[in-house]
Amino acid sequence: MDTNDSLRVASLWHLMHAISQQLSPTTGCSEIELLEADTFDLHIFQSLTGTKLFVVCEPGTQHMEALLKVIYELYTDYVLNNPFYETKIPIRCELFDINLTQAIQKDRVALLGR
Amino acid sequence: MIGTGKIKQYANVLDKPLGKGKQEVSLSAFAFLFSELVQYNQTQVDNISELETRLEDAGYAVGARVLELLCHRDKGNRRETRLLGILSFVHSTVWKVLFGKVADSLEKGTEHEDEYMISEKELLVNRFISIPKDMGTFHCGAFVAGIVKGVLENVGFPAVVTAHFVPVEGQQRPRTTILIKFAEEVLRREARLG
């Protein structure tokens, strides 16, 4: 997916999120956390500041919330501390990418080991 | 009995005794502050070498003050006159106080007599920073180079100090080298001292 597609999909999601908040059948529900489809699962993590992190994975994968929290920590460490990152542009931080792939691989290894 | 439990108030802050100081400072706080320093300087300059110069100047001020403090606290006001002495002072004491550990290595340059290198796998100031590809050879370690320069120049060993990335095979991230090139008079004096 190139950057234009990601931006398009992200804005679509923002719209859906706003609509779902209004349509929720149960009271006290604030956001969509999990979207289950036939071929994939979509997990969402929303931080206190409103930043949303998405993970698309195989159906039935466990422990995605922990992974999302780890990714959020990496985001605050390597993206927000980077003086060359401006907000609202696509992230192009080398350290963030390296640590992100490491975290995902570690998670995959832990999953297969179980 | 007299004055028990009362802390002595100093009228002038200069009269207060120099304590050991806070041993630890939050890394995140420093990372944010340094990131803001770099961003602010980016708005003030037109090109990369000016940005490096500005960071170096900021580090120079830190180096001068750190030297005074350490001479008083750790060295008992003794002065270093030999080249190797001052280099090991920078490599161990200054690094320990600033970054919590001694530098990874200190080497003498093979090509020139007046070059020495302090190497570090990853500088603390660079820990969270990824340089974008279009910035080329810019190195935020210019700040640390400035600190070293401040220490050396104020102790009587004028030098030109720069920070470089040195690619290492087998490792994704290159190591950082602080290159110290001493002035002519330093080498002459060293030769005279024997």
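Predicted model: local features only at pLDDT ≥ 70, side-chain atom pairs only at ≥ 80, totals over all residues.
I started with helix 1 (residues 27-44) and helix 2 (residues 48-73) of chain B. I looked up how they pack: the angle is about 135°, and the axes are 9 Å apart. Angles over 145 degrees would count as roughly antiparallel and those from 65 to 115 as roughly perpendicular. Helix 1 and helix 2 of chain B are therefore oblique to each other. I also noted that their crossing is right-handed.

Next I asked which residues of the two helices meet. Helix 1 of chain B brings B:Leu37, B:Val38, B:Asn41, B:Gln42 and B:Gln44. Helix 2 of chain B brings B:Leu51, B:Arg54 and B:Leu55. I sorted the residues of this contact into 4 nonpolar, 3 polar and 1 charged.

**Entry: B:Pro174**

I found B:Pro174 in the loop between strand 3 (159-166) and strand 4 (175-182) of chain B. Is B:Pro174 buried, exposed or partly exposed? Its relative accessibility is 26%, so B:Pro174 counts as partly exposed. Buried would need under 20%.

I then checked its surroundings. Leaving aside neighbours within four places in sequence, B:Pro174 is in contact with B:Lys121, B:Phe165, B:Val166, B:Pro167 and B:Val168. From C-alpha to C-alpha, B:Pro174 lies 9.4 Å from B:His164, and the two are 10 residues apart in sequence.

**Entry: B:Thr177**

I located B:Thr177 in strand 4 of chain B. B:Thr177 has a relative accessible area of 7%, so it is buried. I listed its contacts, not counting residues up to four places away in sequence. B:Thr177 touches B:Met117, B:Ile118, B:Ser119, B:Thr162, B:Ala163, B:His164 and B:Val166.

Conventions
Residues numbered from 1 in each chain as written. Chains lettered and ligands numbered in written order. Heavy atoms only, no water. Axes fitted to C-alpha atoms, helices over the stretch in contact; angles between N-to-C directions. Helix = DSSP H or I, 4+ residues; strand = E, 2+ residues; numbered from the N terminus. Parallel < 35°, antiparallel > 145°, perpendicular 65-115°, else oblique. Left-handed = near helix turned anticlockwise from the far one by under 90°. Contact = heavy atoms within 4.5 Å. Nonpolar A, V, L, I, M, F, W, Y, C, P; charged D, E, K, R; others polar. Buried < 20%, exposed > 50% of the residue type's maximum accessible area, 1.4 Å probe, protein only.
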